[in-house]
Amino acid sequence: MGIEEAERGWRVDGRCTNCDVARQLAPGLIGEVAGRSAVLRQPRDPAEAARLHAAAHACPTRSVRPPGGRLDPARDPFPMPLADDTGSGTGTVLLCGHNSPHTAGANSYLLRRPDGTSMMIDTPRWSPALAARYEAPGPVTDVLLTHRDHAAHGRRYADRFGARLWIHEGDLDAAPDADRVLRGAEPAEIAAGVHALPFPGHTRGSVLYLADERYCFSGDSFHWSRTTADIEVVDSVTWYSIRELAASLTRAAGRLRFEWLLPGHGDRRRLPREEMTSRLQHLAARTRELRPRPVDFTAVRW
């Protein structure tokens, strides 16, 4: 393929930071090549083109470029419902997209509640236009931060929504003006059906948010790995303590009840509750065997 032909097709430019977001949204179309994302092939039908448009509008560096180079706002699918999530009479989840370079490209979510309100878990890139889009279906009452790495835009979104900003005391210096501070190690109720579970390990103040025994927003504590086809931790970028993360998993693994694993980084996955519990118990055992090692982003394989 010549340069001019490549420019007419989908491509990934040199700003890519290998954050994995595009690969999550367009598997089989975008893959990892030489330490960054690359378009493996051009779309063959409208459904594949839609996946590439989603990847382009989520990419934190705007590195996924469509034919002609300009993103079409009309092809922006976000906030986007999770595939196959029909809810359970309680709530549903939307993926925010528009991942921010200030949170290392972390995913963020809107948790829709039965009364028509929403909660935002972690935050996308900031813009007033995006804020208006996220609150269009109904008021956003709370912005829930899973840990310090994802706090960049929390105050701006909370102020725009008139919402409460939440963080754990262990990471409070990342959001010192938070409206609600989670303390200690015990679970806390955020609202009916929504609970925070302090989960030190990735950072001192990491938190899981659990909703309706259906959704687990895990931040960077654990994720679904395409490489191993299992739930995994990323010990090479565990900032606080891998031993504390193992202890958190050991305490919680047998009693966590959810179907959807929704991490900040890494893939999302839906499994039966009993299988999630079993996999978490095995993850706890594997994590107890890990030992601290220097931070190494190049060791991450999603």
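This is a predicted model: local features need pLDDT of at least 70, side-chain atom pairs count only at pLDDT 80 or more; totals for chains, interfaces and linings use all residues.
Residues are numbered from 1 along each chain as its sequence is written, and side-chain values use heavy atoms, with hydrogens and water left out.

Let us begin with the sheet. Strands and helices here are DSSP runs, numbered from the N terminus, with at least two residues (E) for a strand and at least four (H or I) for a helix. Two strands count as paired if DSSP finds at least two bridges between them. By that rule, six strands make up an open sheet in the order β12-β13-β14-β15-β18-β19, with mixed pairing. The edges are held by β12 and β19 (269-270), each with a single partner strand, so one side of each is left without a neighbour in the sheet.

Strand β12 (residues 188-191) runs antiparallel to β13 (residues 194-198), and three bridges join them. Within this pair, A188 stands opposite A196 in β13. The two strands form a hairpin with two residues between them, and G193 in the turn has a positive phi of about 85°. On its way into the sheet, β13 also pairs with strand β14 (residues 207-211), again in the antiparallel sense, over five bridges.

Next comes the interior. A nonpolar core is a set of buried Ala, Val, Leu, Ile, Met, Phe, Trp, Tyr and Cys residues joined through side-chain atoms within 4.5 Å; buried means under 20% relative accessible area, exposed over 50%, and partly exposed in between, using a 1.4 Å probe and protein chains only. The largest such core has 38 residues, and L111, I190, Y209 and F217 touch the most other members. Helix α3 (residues 46-58) gives this core its largest share, five residues. A second, separate core of 22 residues includes C216, L256, L261 and L271. In soluble globular proteins, nonpolar side chains tend to be buried together.

W239, V295 and F297 form a nonpolar patch on the surface, with about 320 Å² of accessible area together. Patches are made of residues with over 30% relative accessible area and no salt bridge, with like charges joined within 9 Å and nonpolar side chains (Val, Leu, Ile, Met, Phe, Trp, Tyr) within 5 Å; the areas come from the Shrake-Rupley method with a 1.4 Å probe, and for residues only the protein chains shown count as cover. W239 sits in the loop between β17 (230-232) and α6 (242-252), and its 44% relative accessibility makes it partly exposed.

Charged pairs come next. The structure holds 25 salt bridges, each defined as a side-chain nitrogen of Lys or Arg within 4 Å of a carboxyl oxygen of Asp or Glu. Two of them link helix α7 to strand β17. In one, R279 meets D230 at 2.9 Å, N to O; R279 lies in helix α7 (residues 273-288) and D230 in strand β17, 49 residues apart. D230 is buried at 16% relative accessibility, while R279, at 22%, is partly exposed. In the other, R286 and E232 have their closest N and O atoms 3.3 Å apart, and this pair, also from α7 and β17, spans 54 residues. Beyond its near neighbours in sequence (within four places), D230 is in contact with H223, W224, S225, R279 and R286.

Elsewhere, R155 and D179 form a salt bridge at 3.0 Å, N to O. R155 belongs to helix α5 (residues 154-161) and D179 to the loop between β10 (164-168) and β11 (180-182), so the pair ties together parts 24 residues apart in sequence.

We finish with the backbone. Most residues other than glycine have a negative phi, and most peptide bonds are trans. Here, N18 has a positive phi of about 60°, and A34 has one of about 55°. A34 is found in the loop between β2 (30-33) and β3 (36-39) and counts as exposed at 83% relative accessibility. Finally, a cis peptide bond joins F78 and P79, with omega about 0°.

How values were computed. Contact means heavy atoms within 4.5 Å.
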